[in-house]
Every structure is written in structure tokens, then in C-alpha cells.
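Here are my notes from going through the model, point by point. Have the structure open while you read.

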Amino acid sequence: MSGTERHNDQIHTSPRKMLGDPWDCRDDMFRWKCAMLLLGQDTWIERRVETVTFTEQGTTRRNIGFDFLLPKTMRIAWRDTDTGNGLIAVPLTFLGKGDLIHADVTVGGGDPVPLLRLDDNKDIAAAALDYCFDAIEGYERLQELCGTVFQQLHGGNESFHARDAHLGIVCTPVDLKEVNKDRFQRIRNVLKRLNGQHVDDVPSPEDSPQVGDSNGASDGYYQVQRQSIQALLRGLDQFVDEIPAQGSTDALTTYLLLLSSLCENYACVVLIPEEQVGSRCLVKLSFDSSYQESDWDRYMLSSSEQLDLSFQTDAAQSTHIEINPIGDSSIALVEWDLRGERRKRIRSSVAAGRVHISAGKRDLLPALHLHLTLLNKLPTILANCAWSLLLLVGCGTNTFIIGNLEITKSIGDKIGSVTDILALLFTLWVARRINSFNHSVSQDLTRYPNVLISANLLIASVSCLSLGVTAMGIQLPVPTQAVAVICAALSLLVSLPVFHSFFVWRRCRKGVPAYHLDTDEGNVVMEEHRVTFLRDSGTVSLPQYNGGYSDQDAMEDRTRKIIADDGCRRTWKKGIRDFFNRHVFHDHDSVEENPSLYPADRSPYLVMEGTGLSKSSLDAKARFVAVHWN
């Protein structure tokens with residue numbers, strides 16, 4: 001009896017018991033369809049277009065459009081109906097585990113369609129894993145190894161079922177992030193060993209207890225799942241040691257890629273009317289997602305917004321990404337974080353302030369990680385600089401006047417003059433408070449310059465008071481000259497970040513150097529391009545950083561020096577930023593702390609990212625799909 005059957009027999013109020021199974025999970029054709037649809041999304045999905053728009057609530061709205069043609073032999077019918085107008089389950093994409101916020105799914109001309117619920121959704125992912133497990137060369141030996149470990153853990157008469165382990169991994173909730181992370185890392189180590197890379201023999205912690213139902217039958221079921229997962233991971237670790245050096249590993253690699261992906265992701269399955277799946281179909285999925293920004297970037301780089309976004313790029317034959325600017329700001333710079341990989345450039349363009357990026361199936365790129373720099377429009381930047389300059393000049397003038405008694409004595413109505421100046425400063429402050437933006441992200445861009453300018457207004461007010469006190473001959477414990485000098489120094493200090501925004505804009509407008517590696521007559525050389533996103537420039541190359549350049553010996557000296565200098569500079573900045581985030585701001589990685597807030601930033605097949613083996617692993621997956629497609 002399988003784990004699913006045992007579970008259903010023990011929980012008599014299960015919806016499955018009342019409604020019946022929507023499909024036969026033990027059917028080999030069902031497993032084959034699920035595996036090919038999940039693993040071959042870059043084959044049957046023609047085009048994927050993802051648009052990012054910043055919302056007034058301070059989030060991002062992800063709109064993902066899918067243009068696909070589903071083969072007739074791979075359609076998964078969901079609950080046959082008497083009317084004959086059935087629904088087809090279509091797994092369109094992978095999303096990070098968690099709830100979708102304000103999700104909206106439409107098909108064709110805008111008709112809404114439902115998403116598959118978790119109870120049925122897990123069957124598709126588990127069935128795909130079952131198919132890949134049985135396709136592994138020598139899987140009988142793997143089954144034997146897992147069964148031996150399972151008997152050691154369970155100690156009863158139960159036998160090992162891979163499906164129990166698959167369901168346990170698929171159904172592990174997002175809040176058990178340490179459990180998911182540990183499993184992901186253990187699968188990563190198995191894949192690295194499979195590809196001949198050295199892995200330190202560090203014992204992995206066992207899975208912590210999962211939260212299940214309160215009744216004992218359910219607790220026993222989840223315990224079997226946990227033990228099955230442990231047996232599977234240990235069995236895989238032992239199985240890799242027995243694989244012949246010349247043996248085929250495409251099926252095992254594909255299985256491990258899918259298994260690791262389902263530790264932190266789930267398959268988003270849409271139910272589409274059968275008559276609309278018969279030809280080219282268009283589906284649009286929309287939901288809200290957060291964006292990432294560290295406290296260092298927020299407070300220390302107050303003249304700009306530094307955001308991190310990630311996109312799936314291996315889920316269609318062609319993937320197109322469009323990032324829309326905010327009304328009162330500009331996308332000044334977009335940088336590509338390679339995460340230790342070496343990649344060639346991908347196509348990108350800038351038009352009307354929008355950044356458009358294209359990637360294809362041949363790029364073998366599982367995910368695209370981008371770092372965005374947002375700036376205010378130039379008129380806003382110049383206005384902020386003018387305010388700061390005016391107040392700085394005012395503080396400097398007060399300091400000069402206080403130091404010259406002749407000028408001070410020539411002032412007629414001293415009290416009236418000081419009062420007029422203070423009233424003017426207060427009026428300016430009120431005007432700045434009224435002139436605010438309604439957009440949340442724009443407010444982030446203007447909030448900190450506004451705070452600095454408001455502080456500068458306060459400093460200027462103190463400087464004017466010190467001038468009035470001097471003019472009226474009032475004696476204070478502290479020399480007014482010293483107060484004026486301190487005010488001028490503070491005014492300069494709070495003005496510098498505001499002036500910095502103009503220099504950042506000018507640097508981005510002029511063009512940021514983008515370096516790309518290329519091969520010339522056997523030598524790896526560095527190509528340099530000037531890239532700007534502040535004006536329409538057609539096709540541009542995304543500046544790359546954090547690349548894994550393994551072939552250092554083939555590089556020319558200039559290229560090696562550029563890479564070393566850039567790496568040293570970024571390492572130095574990252575060290576300072578991490579120190580302040582950890583010890584000053586106490587800001588931990590928000591993605592790790594709240595993974596459910598970033599469903600679109602979790603991508604499948606990232607297990608080999610940073611090892612230099614992502615392309616070869618995705619190649620193995622592509623060969624596996626090509627062999628088993630028909």
C-alpha cells in the first residue's frame with residue numbers, strides 16, 4: 001500500500017475520500033506526462049514574457065504571460081465531467097513555496113481560470129519524480145540502498161517507497177526553511193560528487209520534526225515520510241560511489257535537478273478548458289511580490305534605490321523580461337550578478353525608460369539575477385541640490401557675518417530680520433512637506449533627500465538664531481561664532497549625500513563600463529563597452545559582476561588585472577556592507593527569513609549555480625527530455 005493510500009485510509013474526512021482522485025497517480029502515462037511537462041517547459045512553451053511593475057504599496061506586480069502549444073498526447077485531464085467540457089491541468093511555471101498574494105489567472109480574451117489546489121498539485125510533482133526515479137540507470141540498486149537505510153531508521157516491517165519521500169519533499173511547508181535548505185545542500189553535494197567535484201565530508205543535520213496533524217495516525221504517516229526522505233538522500237549518496245566512470249548519468253542528473261528544485265519550489269498548475277488548449281494558448285498569471293533592499297543600501301546610499309530581482313530564464317523557448325520605471329524616477333543601471341558562473345552576454349535594450357531583456361533556450365541559464373539602481377528624474381535631483389546649496393550658502397554667510405562686527409552692527413531691525421528669515425525657512429519646510437509623491441518606491445527615493453534637506457533647514461535656523469543673538473549683543477555660554485561654524489560644517493555634511501545623487505546620475509548618463517569575456521585566438525580577452533540606461537540606446541550589454549573565471553591561465557595580463565581589481569573592489573564594498581547590515585542595522589537576508597514573500601525570485605535548477613556546472617547539468621536534462629519525449 002502506498003503512502004497516499006495509507007494516509008487517506010487514516011484521515012476519513014480527506015477531500016480525496018469525498019470527491020475521489022482526479023487522476024490515477026499509478027498510471028505510467030500519467031507519470032510520463034507530468035515529467036515531460038515539468039522538465040520540458042522550454043520545449044512546449046513557445047514564449048514567456050514577464051513584466052515587473054512597482055506598485056503604490058511598495059511591492060512589485062509580476063505579470064507573466066505564457067504562449068504555448070500543448071501536445072495532445074501530454075494533456076492531463078482533471079476530473080472527467082458528464083458534459084464533456086473537461087479541464088486540462090497545465091503546469092506553467094515553478095514558484096517559490098508560499099501563498100500567492102492577489103493572484104489573478106486569465107486565459108485568451110481575459111476569462112479567469114482556476115489554479116490547482118495543493119492536494120492535487122502535489123500529485124503532478126510527485127508523479128514526475130517517480131518517473132525520473134524509475135528512469136535512473138540501475139535504479140534497482142538505488143532502491144535497495146534506500147531500503148536498507150530505511151529499515152535502519154524505521155525498524156519495522158514497512159518497506160521503502162520512493163513516492164513517500166517524494167511527497168514529503170513536495171509537501172514540506174515553506175516555514176521549515178532550515179529543513180528545505182539542508183535537503184537542498186545535500187542534493188547539491190551529491191550532484192557535485194557525480195560531476196567529479198570534491199565535497200568536504202561534513203555530516204548533515206537530520207531533518208527536524210515537521211508540523212502535522214494532531215492525531216497519532218497522521219503523525220505516524222509524516223514520520224514515515226521523514227524517514228523515507230532521509231533514506232533516499234543517504235541512498236543517493238551511496239549510489240553515486242557505485243556508478244561506473246563511463247556510465248550514463250543523464251537520468252540521475254535530471255532527477256536530482258528536479259528533486260532539488262521541489263525542495264524550495266512548487267509547480268504552479270492552471271486548469272484550462274479543453275477547447276482552449278486545442279491550439280496556441282495564451283495565459284496570463286499576475287501576483288504581488290516583494291523586492292529586496294538591504295539597510296546599508298537604504299540608509300548609506302540615500303540618493304538611490306538599490307533593488308535585487310530574479311527571473312526564471314529556462315522555462316520557455318524564449319524568455320522576455322521587461323522592467324517598467326516608476327513615474328517620477330529612472331532606471332539608472334541594471335547589473336547582472338553571475339553568482340560565480342561564466343556567461344556570455346544576453347540581449348537587452350532600453351526604450352522609453354523601460355529595460356527589456358531577452359534570453360533563449362540555448363543560453364542554458366536557469367535564472368537571471370539583476371541588481372537595479374533607481375534614481376530620481378534629473379529635475380528633482382537638481383531641485384534637491386539647489387535647496388541644499390542655498391541652505392549651505394546661507395549657513396556660510398551667517399558664519400561670515402558673525403565674524404565681522406561692522407556688518408552685524410549695520411543691521412537695522414535685528415529682531416524683525418531674524419524673525420523674517422525664520423518664517424521664510426519654516427515656509428520652505430512646509431512647501432517641501434506638501435510637495436510629496438504618492439508612489440511608495442518614489443517616496444523611498446525622495447524620503448531621505450527630504451529628511452536631509454529638512455535637517456539642513458533646522459541647521460540653517462540655528463545658524464540664523466546665532467546671528468540674531470550676536471546682532472542683539474546677547475551673551476551666551478557658548479560663543480556664537482563656534483555655533484555658526486558647527487552649523488556650517490553640519491550643513492555641508494548633510495548636503496553631500498544630496499549632491500552625490502547628481503554625480504551618480506552623471507556617471508550613469510555618461511555610461512558605466514561593462515566588461516565581457518571573449519576568446520580571441522586561444523586567449524581570453526576582456527571587451528569593454530560603455531553602457532547607459534538613462535537614454536534610449538537600443539541594444540546594450542548588461543554589466544556583469546561576480547563571475548566565475550576558472551581559466552585564468554588563458555587570460556591576457558590586462559584581462560586578469562581588470563578582473564582582479566573589480567573583484568577586490570566589490571569584495572571590499574561587500575565586506576563593509578555586510579558588517580553594517582549585521583552589526584549596526586541587524587538586517588538579515590530577507591529572502592532567507594521570509595521566503596514566501598518572494599515567490600518569483602525562486603527558480604528551479606539552481607542547485608549547481610556557482611559551481612560552473614549549470615550548463616552541463618541543464619544539457620543533461622535537455623538530453624533526457626529529448627530521449628523520453630516520444
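1. At roughly what angle do the axes of helix H10 and H20 cross? The answer is roughly 110°, with the axes of H10 (residues 250-264) and H20 coming within 8 Å. That makes H10 roughly perpendicular to H20. Bear in mind throughout that this is a predicted model.

2. Now for who touches whom at that crossing. H10 brings Asp250, Ala251, Thr253, Thr254 and Leu257, and these meet Ser617, Ala620, Lys621, Arg623 and Phe624 in H20. Sorted by class, the contact of H10 with H20 has four nonpolar, three polar and three charged residues.

3. H20 (residues 614-628) also crosses helix H3 (residues 28-39): their axes come within 10 Å, at roughly 140°. Angles over 145 degrees would count as roughly antiparallel, and H3 and H20 are therefore oblique to each other. The crossing of H3 and H20 is left-handed. On the H3 side the contact is made by Trp32, Met36 and Leu39, and on the H20 side by Lys621, Phe624, Val625 and His628. By class, there are five nonpolar, one polar and one charged residues in the contact of H3 with H20.

4. Nine strands make up an open sheet with mixed pairing, in the order S6-S5-S8-S2-S1-S10-S13-S12-S17. Which strands stand at the edges? They are S6 (111-112) and S17 (538-541), each with a single partner strand, so one side of each is left without a neighbour in the sheet. As a reminder, strands of a sheet pair through backbone hydrogen bonds, either parallel or antiparallel.

5. Start at the S6 end. Two bridges join S6 to S5, and the two strands run antiparallel. Threonine 106 has proline 112 in S6 as its bridge partner. S5 and S6 form a hairpin with three residues between them, and glycine 108 in the turn has a positive phi of about 60°.

6. Is aspartate 130 buried or exposed? Aspartate 130, in helix H5 (residues 118-135), has a relative accessible area of 4%. The cut-off for buried is under 20%, so aspartate 130 is buried. Setting aside neighbours within four places in sequence, aspartate 130 is in contact with Arg31, Arg163 and His166. Histidine 166 is 36 residues away from aspartate 130 in sequence, and their C-alpha atoms are 7.6 Å apart.

7. The other one is arginine 447, in helix H16 (residues 440-471). Arginine 447 is partly exposed, with a relative accessible area of 35%. Arginine 447 and serine 303 are 144 residues apart in sequence, while the C-alpha to C-alpha distance is 9.5 Å.

Technical notes:
Residues are numbered from 1 along each chain as its sequence is written. This is a predicted model: local features need pLDDT of at least 70, side-chain atom pairs count only at pLDDT 80 or more; totals for chains, interfaces and linings use all residues. Side-chain values use heavy atoms; hydrogens and water are left out. Axes are lines fitted to C-alpha atoms, for helices over the stretch in contact, and angles run from 0 to 180 degrees between N-to-C directions. Helices (H or I, at least four residues) and strands (E, at least two) are DSSP runs, numbered from the N terminus. Angles under 35 degrees count as roughly parallel, over 145 as roughly antiparallel, 65 to 115 as roughly perpendicular and the rest as oblique. A crossing is left-handed if the near helix is turned anticlockwise from the far one by less than a right angle, and right-handed if clockwise. Contact means heavy atoms within 4.5 Å. Ala, Val, Leu, Ile, Met, Phe, Trp, Tyr, Cys and Pro count as nonpolar, Asp, Glu, Lys and Arg as charged, and the others, Gly among them, as polar. Two strands pair if DSSP finds at least two bridges between them. Buried means under 20% relative accessible area, exposed over 50%, partly exposed in between (1.4 Å probe, protein chains only).
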